[in-house]
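Here's a quick tour of how one protein chain packs its inside. Take a look at the model first, then read on.

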Amino acid sequence: EASSPIYVEGEKIKGKRVLAIEDGPTLTHGDMGYGAAVIASKHWGAAEIVDPRPYAVGTIKGVYEKFKHLNNVLPAMGYSPQQMEELKATIEATPCDIVVIGTPVDLSRFLKLSKPSVRIRYELEEKVGSLTELLEPVVKKGIEIRLKPALA
């Protein structure tokens with residue numbers, strides 16, 4: 001049993017029109033409609049979570065056409081130069097006061113945005129048992145497991 005506490009400079013979100021960017025595969029293949037950026041935006045009193053769909057370009061527009069459950073979130077899909085440019089163009093076209101980045105990768109390191117942004121961080125907080133204990137029987141069988149640390 002675990003939780004994922006969220007960390008963010010919340011005072012930057014309060015009262016603002018927010019563009020919430022979430023981890024693309026979590027939204028699409030994971031079938032979720034929101035993630036940490038939306039949760040933090042609501043918790044910290046965003047005035048509005050802006051719908052980016054009318055401003056989507058290229059492959060991002062295609063993601064919205066395929067995954068109809070996505071509404072007021074911008075999925076960060078792929079990291080090819082073309083996809084990054086499409087993501088940036090969609091962000092720049094979406095009317096908002098601040099971009100709230102809820103992806104494992106800090107997109108502000110790769111995209112030079114004209115809009116202010118804040119990054120959501122989240123961690124695994126084990127409540128009952130531990131991941132190490134859960135994996136111990138597998139490791140004893142000689143199966144090698146390599147856990148990659150999250151990208152900063």
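This is a predicted model: local features need pLDDT of at least 70, side-chain atom pairs count only at pLDDT 80 or more; totals for chains, interfaces and linings use all residues.

Residues are numbered from 1 along each chain as its sequence is written, and side-chain values use heavy atoms, with hydrogens and water left out.

**The core**
- A nonpolar core is a set of buried Ala, Val, Leu, Ile, Met, Phe, Trp, Tyr and Cys residues joined through side-chain atoms within 4.5 Å; buried means under 20% relative accessible area with a 1.4 Å probe, protein chains only.
- The largest one here has 35 residues, and Leu 74 and Val 100 are among those that touch the most other members.
- Strand S3 (17-23), helix H4 (81-93) and strand S6 (98-102) are among the elements that give it two or more residues; helices (H or I, at least four residues) and strands (E, at least two) are DSSP runs, numbered from the N terminus.
- Beyond its neighbours within four places in sequence, Leu 74 is in contact (heavy atoms within 4.5 Å) with residues including Leu 19, Tyr 64 and Leu 87.

**Strand S6**
- Five of the five residues in S6 are buried.
- Ile 98, Val 100 and Gly 102 sit on one side, with Val 99 and Ile 101 on the other.

**Helix H3**
- Ile 60, Val 63 and Tyr 64 are the buried residues of H3.
- Helix H1 (24-28), S5 and H4 are among the elements that cover them.

How values were computed
Buried means under 20% relative accessible area, exposed over 50%, partly exposed in between (1.4 Å probe, protein chains only).
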